[in-house]
Amino acid sequence: MPAEIIDVHGNDNGLVMDMPKQIVEGLMRPTGERKIPTMLLYDERGLRLYDDITTKASEYYLFGAEEEILKNNVDEIVRAMHRGDREVQTDEVVLELGAGALRKTSHILLGLSRLVPAATTPAPITYYALDLEERELERTLGEISTSSIGKTLQGKVKTKGICGTYDNGLKFVEAGGLLDTGGSSGGVRAYGMRDVSPISSGSSESDSSEAEASDSPPSTLDGITPPLHILFLGSSLGNFEREEAYNDRRGYTKRFIMNGLRAAGRTLGDESMFDEEKWEYVNNYDVASRRVQYRDGRHEAYYKSKCEQTITDPTSKKEITFSENEMMKVEESFKFSEADVYTLFTNSNLRPIERWTDSDSKYSLWLLERPPFLFPLLPSPQADKSPFSAPSIRDWESLWATWDCISRNMIPPSMLFQKPIDLRHICLFYLGHIPAFLDIHLSKLLGEPNTEPDNFKYIFERGIDPLVDDPTQCHAHSPVPQSDEDWPSLTTILQFQSRVRARLLKLYSDTKSGKIVMNRKIARVLFMTYEHEALHAETLLYMLLQRAGTGTLPPPGFTAPPWTSLASHWDSIPTPKAKTVTLGPAVIALGHDDYEVHDVDAEKSTDVAAHEFGWDNEHPRREVEVGKFQIEWRPVTNGQFYEFYKGDGSGKVQLPASWVEKDGEVQVRTMYGPVPLKIAQHWPVLTSYDNLSVYATVNGGRLPTEPELRLFFDKFESGYDGGANLGFRNWHPVPLIYLNSATTGGERSDGCGSNGGVWEWTSTIFESIAGSSHRRYILGNDTDRASRYSTDFFDEAHQVVLGGSYATIPRIAERRSFRNWYQRNYPYPWVGARIAYDIVE
């Protein structure tokens with residue numbers, strides 16, 4: 001029985017491609033700019049020639065590495081795609097974009113079939129292969145059907161085809177086309193279908209010329225309702241290896257490329273239009289000419305005219321003359337470094353769940369999902385625009401999605417009146433505090449009454465942060481109800497929140513329309529209230545972590561980590577060859593200049609976009625000398641601290657609050673519940689300054705000063721765009737040995753990377769900075785509570801911490817002047833530390 005194939009070439013979505021027109025337009029370009037469409041390479045003959053490349057050209061590393069990954073890990077991969085489930089539910093669709101010969105895909109299909117306990121009619125999984133040529137789809141699907149693989153798939157995985165371009169297929173699916181086929185995809189929206197999983201195979205390093213035309217990669221399957229899982233394939237190779245991949249010794253690539261000339265002629269009506277004897281295949285790997293955010297360059301394939309020649313368009317009879325050695329482009333493919341893929345993922349609203357590599361660690365397969373929210377990359381700093389100016393509406397929307405996920409979906413009703421941490425208020429307080437704080441400062445800014453209920457400004461204005469050693473000692477704060485029944489209801493608080501958010505959006509609307517002129521005074525309030533909410537999201541989470549598994553709910557819409565599989569990968573990745581790096585002497589700049597007096601300066605007050613806002617303790621900019629010292633590449637891990645806790649540190653340090661003892665076993669807390677220490681042994685340990693200071697001292701070192709740690713971060717921190725575990729990329733730390741070049745101390749990228757997603761302690765006491773008194777405060781006089789953001793904590797009990805955790809938004813973690821602080825014996829925040837060592841000359 002022939003395979004069922006849906007032809008989407010003729011969609012009425014503007015996707016029908018006039019290939020002859022495109023060919024002629026490319027040929028008629030000026031000398032040096034001529035090209036023909038890449039799609040011509042993938043006609044029926046071209047697909048078979050490409051199949052030869054993947055199976056017979058050993059230099060073409062992609063196919064072999066990818067197949068190795070699938071052979072060795074397919075069961076892990078399909079389980080991860082199903083959130084660890086051992087079985088699938090009905091009405092699941094798997095879509096492969098660019099199916100080719102299906103040899104690699106057969107591993108995925110067999111893996112999926114093993115999740116189906118028994119054959120049924122209809123099969124619970126429907127697989128769609130998307131490709132350009134209908135006859136090739138018929139051939140490859142037919143071969144699968146009649147093979148032993150096809151027999152295994154019967155009643156478990158139904159195979160079908162979609163004939164069209166990549167964009168044809170995506171638009172067809174986004175428009176609900178699969179809903180009209182009568183197949184198992186009917187449950188995509190209506191019947192709770194589990195996943196739609198585009199598997200990107202074949203030449204997987206972005207060979208799409210359409211994607212190359214824009215500065216950001218196209219979003220994938222925007223019309224599909226989550227959960228959405230994607231397998232993405234990418235590599236990290238040297239330029240020489242890439243050159244060999246496109247110049248195999250036996251000429252398979254050359255024959256594949258040269259077939260494009262024959263396809264171009266046939267499309268125009270004369271297959272012999274191009275005399276192949278007068279052309280040769282040449283290629284180039286261009287490192288310098290590339291888009292800014294894709295750092296690894298691009299491969300370009302050309303036809304080179306061997307002589308001066310004239311060709312004639314059979315239809316229009318136009319003559320096109322090529323000079324000797326003139327080049328005509330047929331293909332270009334951008335190559336992504338390891339850092340680049342994070343830019344690609346984030347711009348496409350995707351987050352990695354897991355990653356598998358080949359035995360040489362040169363090629364990777366990533367499992368991705370589209371989460372409920374994702375923080376965009378920060379824009380590059382420009383002379384007239386700072387990424388740390390006033391937040392945009394999009395910034396607020398991302399933050400509100402985050403806050404709502406935490407406050408509405410992770411706190412069950414039974415926990416609203418509970419204190420996960422005795423040193424903080426009940427959970428319900430924070431749901432009211434965030435909108436009340438925003439409303440209070442909007443009212444002061446605009447000279448307007450507070451949003452009703454008016455008394456919320458008294459209950460929710462300010463939280464508590466008492467001294468750990470003496471909780472009766474606490475800064476001024478709001479008086480709160482003492483019994484549950486006296487608190488406002490959750491419904492009332494959420495209605496209040498909605499009105500305050502609408503009030504904020506109206507302010508943005510008024511500034512956009514010109515009704516209100518945006519100035520630094522307004523922008524500072526927007527900056528302050530935005531970052532205040534972001535910081536409280538993290539505070540609320542580290543409180544909730546103490547009840548994860550016994551009350552707190554996991555984050556909805558984010559796939560739970562496949563712990564066993566992840567731990568296996570983490571255990572196998574080598575640590576840095578050197579334990580430490582030597583830095584200094586150096587002069588380093590700390591802080592930035594943010595004079596609030598300029599907020600009311602007639603000339604400077606409207607200079608908003610270029611200004612970098614910060615908190616009072618970030619001002620002013622100053623230079624500090626740093627002596628020569630050594631510092632460990634990576635912070636102390638759970639495994640290292642556990643050995644110390646049971647050994648030399650016994651009786652000297654306390655059990656970290658990020659751990660819990662269960663049935664005599666130490667486990668590590670996560671938002672998904674505690675996990676065995678062996679799962680999290682490579683993560684940075686989260687514990688108090690006192691604990692880590694003792695650890696460092698016993699091991700012959702100390703904790704670094706603020707300038708020392710800042711110098712280290714400046715030299716080696718990869719940042720959010722380079723893969724750092726920030727902005728909820730994960731809901732847990734990751735091992736320091738994870739992701740090779742995206743981890744500090746790795747051999748690639750000169751050691752640049754990230755620390756795994758934790759703040760880091762410094763030995764610097766949090767205190768006033770000389771010159772900071774020159775700031776003026778926009779919200780009142782110097783007795784206003786907002787103007788004393790930091791001064792209440794200049795008590796010699798707090799230490800400066802730098803960096804950011806996995807729950808820190810990029811805007812805060814990426815601003816190098818930002819300084820956080822915690823009491824040195826406060827055990828709950830997500831802070832780790834690395835050891836520094838003095839060098840005696």
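Guide: His569 lies in helix H17 (residues 563–572), helices being DSSP runs of H or I with at least four residues, numbered from the N terminus. The model is predicted: local features need pLDDT of at least 70 and side-chain atom pairs pLDDT 80 or more, while totals for chains, interfaces and linings use all residues. Residues are numbered from 1 along each chain as its sequence is written, and side-chain values use heavy atoms, without hydrogens and water.

His569 counts as buried because its relative accessibility is 16%, the cut-off for buried being under 20% (1.4 Å probe, protein chains only). Leaving out residues up to four places away in sequence, His569 touches Asn73, Glu76, Glu354, Arg355 and Trp356; contact means heavy atoms within 4.5 Å. With Glu354, the His569 side chain also makes a polar contact of 3.2 Å (a pair of N or O atoms within 3.5 Å, one able to donate a hydrogen and the other to accept it; residues adjacent in sequence count only if both atoms are side-chain atoms).

Elsewhere, the largest nonpolar core has 106 residues. Such a core is a set of buried Ala, Val, Leu, Ile, Met, Phe, Trp, Tyr and Cys residues joined through side-chain atoms within 4.5 Å. Its largest share, 16 residues, comes from H16. Trp731 is among the residues with the most contacts inside this core, and its neighbours include Phe373, Ile406, Leu541 and Tyr806. A second, separate core of 72 residues includes Tyr42, Val78, Met328 and Ile353.

Definitions and conventions. Helices (H or I, at least four residues) and strands (E, at least two) are DSSP runs, numbered from the N terminus. Buried means under 20% relative accessible area, exposed over 50%, partly exposed in between (1.4 Å probe, protein chains only).
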